[in-house]
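The sequence and the structure are shown first.

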Amino acid sequence: MPDAATSASTAPDVDLLDAPCRALAEAADAVGEAARYASGLALGARLPAAALARGGRTRRGWRTLLRTLTDPAGLGWAPRGRGVARAGRLAGVLANRESLAISIAVCGLRARIRAAGEARPDLLEDPGSAAVLRAVEAGRQAEAARLFRGIVRERGTERAFGLLAPSFADILAWDALTDANPFNDHAGWQVATGRAETARPLLGLGAAVRAFCDRGTGLPAGEAVPPGPGPARRTAAARAPRPAARVCRPSLSGHADALHTHAVRLRGAAWAPVWQGPGSEALRAEVEQLAARCATAAGGLALAAAQLRED
């Protein structure tokens, strides 16, 4: 009993865990929307035609926009949207070209899985869940997904989901966003950002599936809760991140301002006092790098807006 009380008292505060995870999810969503807007301009019909016809500042602005959409130090390979942009995104996935939006989303998923593990030290007492969390900590998403599916086969779906809820959705979303299959990215993106969108045919299920399966940290109704170190706690990972309202105006400069804001938020999240223990320094370095890239992308969008004389 004293051990249980000690474990419960030293478990990380849920609200403190929630803040950096939410900052990452919202930043991923904002970067994705900025990339979508910029792609619509750069890879649409109107701006390229005007740039080729007029030259001058318009052509420079178009080239700046294209460089910003493909800058490894900024947005990475970032085409998003319809038509040429969609073809470019699929080509990038198949060629293993990295995207800043996906990198931030994956970092957020890993942070949420880690938060769930830190808030529930009892998971380390189970060999199966402990192996999954070790794979997550080491950044081996494919192994983590494989181990989780092994638990499903050996113990059944409800028992596996009850054991690792809500991290199972984050693990599978992480695997979906980083594997070579471009057709499951949609579902993984919804889980990572909490952005509910209408699922397109063959592109995955909606985020409502996660809400249906997520029953908190306990087992599904009707099963006994295994003994643990104190009462069941709902962790940061159990809360589907709700992205902030899109307050930026629909323009390159508006998206640039939003990305500057998220870069500042990410730097704050990197130094959140709740991240302690093994792996914390690596996590901080990763988030700092993502924040720097977010700021670089914001600068590129702002420059393109100025060259295009966008209001």
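The account below moves from the chain as a whole to individual contacts.

**Overall architecture**

The model is predicted. The secondary structure of the chain comprises 14 helices and zero strands, so the elements, taken from the N terminus on, are written α-α-α-α-α-α-α-α-α-α-α-α-α-α. The chain has 311 residues, of which 50% count as buried. Among contacts in the chain with a separation of 6 or more, 72% are made by residues 24 or more positions apart.

**Helix packing**

Two packed helices are described by the angle between their axes and the distance between the axes. The table gives these values for two pairs.

| Helix pair | Angle between axes | Distance between axes |
|---|---|---|
| α3 (residues 46-54) and α4 (residues 56-69) | roughly 135° | within 7 Å |
| α13 (residues 252-270) and α14 (residues 280-307) | about 165° | 8 Å |

The axes of α3 and α4 cross at roughly 135°, which makes α3 oblique to α4. The crossing of α3 past α4 is left-handed. On the α3 side, the contact involves L47, P48, A50, A51, L52 and R54; these meet G56, T58, R59, W62 and L65 of α4. By class, the residues of this contact comprise seven nonpolar, two polar and two charged.

For α13 and α14, the angle is about 165°. Angles over 145 degrees count as roughly antiparallel, and α13 and α14 are therefore roughly antiparallel to each other. The passage of α13 by α14 is a left-handed crossing. Their contact contains 18 nonpolar, five polar and three charged residues.

**Nonpolar core**

The largest nonpolar core contains 67 residues. Helix α6 (residues 100-119) gives the most to this core, contributing eleven residues. The residues with the most contacts inside the core are V31, L65, I104, L177, L259 and L301. One of them, L65, also belongs to the α4 side of the contact with α3. I104, another of these residues, touches L24, A27, A28, V31, L266 and L290 when residues up to four places away in sequence are not counted.

**A loop residue with positive phi**

N96 lies in the loop between α5 (84-94) and α6. Although N96 is not a glycine, its phi is positive, at about 60°. The relative accessibility of N96 is 67%, and N96 therefore counts as exposed.

How values were computed. Residues numbered from 1 in each chain as written. Predicted model: local features only at pLDDT ≥ 70, side-chain atom pairs only at ≥ 80, totals over all residues. Heavy atoms only, no water. Axes fitted to C-alpha atoms, helices over the stretch in contact; angles between N-to-C directions. Helix = DSSP H or I, 4+ residues; strand = E, 2+ residues; numbered from the N terminus. Parallel < 35°, antiparallel > 145°, perpendicular 65-115°, else oblique. Left-handed = near helix turned anticlockwise from the far one by under 90°. Contact = heavy atoms within 4.5 Å. Nonpolar A, V, L, I, M, F, W, Y, C, P; charged D, E, K, R; others polar. Core = buried A, V, L, I, M, F, W, Y, C linked by side-chain atoms within 4.5 Å. Buried < 20%, exposed > 50% of the residue type's maximum accessible area, 1.4 Å probe, protein only.
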